[in-house]
Every structure is written in C-alpha cells, then in structure tokens.
Amino acid sequence: MTLQWVAVATFLYAEIGLLLIFCLPFIPPQRWQKIFSFTVWGKIATFWNKAFLTIIVLLIVLFLDAVREVRKYSSSPAIEKGLTSRPGAYEHAQMKLFRSQRNLYISGFSLFFWLVLRRLVILITQLAKELSNKGVLKTQAENTNEAAKKFMEENERLKQLLKSNAKEEEHILEAENKKLVEDQEKLKTELKKTSDALSKAQNDVMTMKMQSERLSKEYDRLLKEHAELQNCLGKDNKKGL
C-alpha cells in the first residue's frame with residue numbers, strides 16, 4: 001500500500017472511531033454542544049468549510065482513480081496481454097486488481113463516512129438546541145401552569161368571598177325587607193284605624209248637623225209660637241180695656 005492509501009485508510013479508521021464516539025449513548029447531545037462551543041472550534045471554524053471541501057475533492061479524486069484501476073485490471077484484454085508477455089503476469093494482474101478494489105472500498109467508505117460524520121455533527125447540534133429549547137419551554141410551561149394555578153386559586157377565593165358577601169347581603173336584605181313588610185303592616189293597621197276614626201268623626205258630624213237642624217227648626221217653631229202667644233195676649237189686653 002502506497003503512502004497516500006495508508007493516509008486514506010488511517011483517515012477511514014479515524015472516521016469510524018469518531019462515529020462510534022458520537023454514537024455513545026451515555027454522552028448526551030448537550031455535552032457535545034458544550035464541546036462544540038469551545039473557543040478552539042470557533043477559531044478554526046473559518047477554515048472548516050474549506051478543509052471539508054478539500055477533503056471531499058481529494059476523496060472523490062482517489063475514488064475515481066480507484067474505479068479506473070479496477071476497470072483497468074478487470075478487463076480481459078489487459079490480462080491476456082500480460083499473460084503473453086511474461087509467465088507471472090496473471091498473478092500480478094490479480095494482485096493489482098485486489099489492490100485497486102481495496103483502494104476503491106477505502107476511498108468510497110472514507111467519502112461516505114466523511115459525509116455521514118458532517119451530517120451527524122449537524123444533527124447532534126440541532127438536537128442539542130431542540131432539547132435546550134424544550135427545557136426552556138418546559139420551564140416556561142411549568143411557570144405558566146403555576147401562575148395559572150395561583151390565578152385559579154385566587155379566583156376561587158374571590159368567588160367564595162363574593163358568595164359569602166352575597167349571602168351576608170342577602171340576609172341583610174331579607175331582614176330589611178322583613179322589617180319593611182312589618183312597617184307596612186303597621187302603617188296599614190294605623191291607616192285603617194285612622195280611616196275608622198275619620199268615618200266615625202264624619203258620622204258624628206252628620207249626627208250633630210242633623211241635631212243642629214232639628215234644634216233650629218224647634219227653635220224657629222218655639223219663636224213662632226211665642227210670637228203667636230204675644231199676639232193673643234195683646235188682643236186680650238185691648239178687649240179688657
């Protein structure tokens with residue numbers, strides 16, 4: 001294996017190791033987010049995209065070169081040409097084919113794991129943000145629930161207070177209404193007594209008026225009789241003289 005493929009294979013093993021570390025279940029996404037938020041990552045963030053694209057291009061070039069080598073050593077004319085030139089050409093061609101296939105697998109998996117690694121880091125970061133937002137939203141929801149419970153308790157207390165006040169006011173109103181009814185009954189009784197007394201007084205007045213008229217008539221009759229008696233006496237006196 002040449003030096004470049006040793007480097008690619010080492011890079012592949014490093015990718016596999018990182019993927020296994022990222023997939024450890026006992027390390028939460030929040031911990032990875034704290035690790036990703038170190039200042040050292042912020043310093044190299046400007047070179048990260050360039051490095052990623054450079055590695056992608058190199059892996060694609062190596063992958064295409066491995067594909068070319070596999071196609072080269074897999075073709076039957078090349079093998080037949082080597083067999084006619086020297087006796088050990090077939091074994092040499094098979095060895096070349098094995099190496100080219102190995103390089104193809106190494107470069108292909110390195111390219112695939114590199115893309116998966118980048119996507120995994122993005123997903124872990126997004127998951128950590130979502131969990132943080134979830135925690136904040138959960139705290140806000142709990143605070144809102146507590147505030148709602150307090151408001152409900154305060155509302156119930158106010159309702160009970162209003163009910164008790166309403167009951168007290170209702171008792172007071174009932175007592176006042178009862179007192180007013182009693183006063184009304186007393187006033188009706190007094191009014192009836194007054195009406196009866198007035199009727200009696202009117203009857204007495206009418207009786208006295210009738211008696212007065214009778215007395216006036218009797219007085220007039222007596223005056224008339226007195227006048228007649230005087231006239232008779234006057235006539236008798238004249239006859240005696």
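1. Aromatic pairs. The count of aromatic pairs in this predicted model comes to 3, where rings of Phe, Tyr and Trp (its six-membered ring) pair if their centres lie within 6.5 Å, and planes under 30 degrees apart count as stacked, over 60 as edge-to-face and the rest as tilted. Phe-11 and Trp-114 make a tilted pair, with 5.1 Å from centre to centre and 50° between the planes. This pair links distant parts of the chain, since Phe-11 belongs to helix 1 and Trp-114 to helix 5 (residues 89-240), 103 residues apart. Helices here are DSSP runs (H or I, at least four residues), strands are likewise DSSP runs (E, at least two), and both are numbered from the N terminus.

2. Are Phe-11 and Trp-114 buried or partly exposed? Phe-11 is partly exposed, because its relative accessible area is 22%, while Trp-114 counts as buried at 8% relative accessibility. The cut-offs are as follows: buried means under 20% relative accessible area, exposed means over 50%, and partly exposed lies in between (1.4 Å probe, protein chains only).

3. Basis of the values. Residues are numbered from 1 along each chain as its sequence is written, and side-chain values use heavy atoms, with hydrogens and water left out. Because the model is predicted, local features need pLDDT of at least 70 and side-chain atom pairs count only at pLDDT 80 or more, whereas totals for chains, interfaces and linings use all residues.

4. Overall architecture. The chain has 5 helices and 0 strands, and its elements run α-α-α-α-α from the N terminus on. Of its 241 residues, 15% are buried. Among contacts with a separation of 6 or more, 83% are between residues 24 or more positions apart; contact means heavy atoms within 4.5 Å. The chain exposes about 19,700 Å², of which carbon and sulfur atoms supply 64%. Accessible areas come from the Shrake-Rupley method with a 1.4 Å probe, and for residues only the protein chains shown count as cover.

5. The nonpolar core. Which residues touch the most other members of the largest nonpolar core? They are Val-8 and Trp-114, in a core of 22 residues. Two or more residues of this core are given by each of helix 1, helix 3 (39-74) and helix 5. Helix 5 provides the largest share, 8 residues. A nonpolar core is a set of buried Ala, Val, Leu, Ile, Met, Phe, Trp, Tyr and Cys residues joined through side-chain atoms within 4.5 Å.

6. Phe-109, Phe-112 and Phe-113 are linked into a cluster by ring pairs. Leu-12 lies in helix 1 and is buried, because its relative accessible area is 10%. Neighbours within four places in sequence aside, Leu-12 is in contact with Ile-106, Phe-109, Ser-110 and Phe-113. Leu-12 and Phe-112 are 100 residues apart in sequence, and their C-alpha atoms are 9.7 Å apart in space.

7. The whole structure holds 5 salt bridges, each a side-chain nitrogen of Lys or Arg within 4 Å of a carboxyl oxygen of Asp or Glu. One of them joins the side chains of Arg-68 and Asp-65 at 2.9 Å, N to O. These two residues are separated by about one helical turn, because they are 3 residues apart in helix 3. Another salt bridge joins Glu-69 and Arg-68 at 2.8 Å, N to O. Arg-68 is partly exposed at 44% relative accessible area, as is Asp-65 at 27%, whereas Glu-69 counts as buried at 17%.

8. Arg-221 and Glu-218 meet through their side chains at 2.0 Å, N to O. Both lie in helix 5, 3 residues apart, about one turn of the helix. Arg-221 counts as partly exposed at 37% relative accessibility, and so does Glu-218 at 35%. As for networks, salt bridges that share partners join Asp-65, Arg-68 and Glu-69 into one.

9. A nonpolar surface patch. Leu-18, Ile-21, Leu-24 and Phe-26 form a nonpolar patch on the surface, with about 370 Å² of accessible area together. Patches are made of residues with over 30% relative accessible area and no salt bridge, with like charges joined within 9 Å and nonpolar side chains (Val, Leu, Ile, Met, Phe, Trp, Tyr) within 5 Å. Ile-21 is found in helix 1 (residues 3-22) and is partly exposed, with a relative accessible area of 40%.
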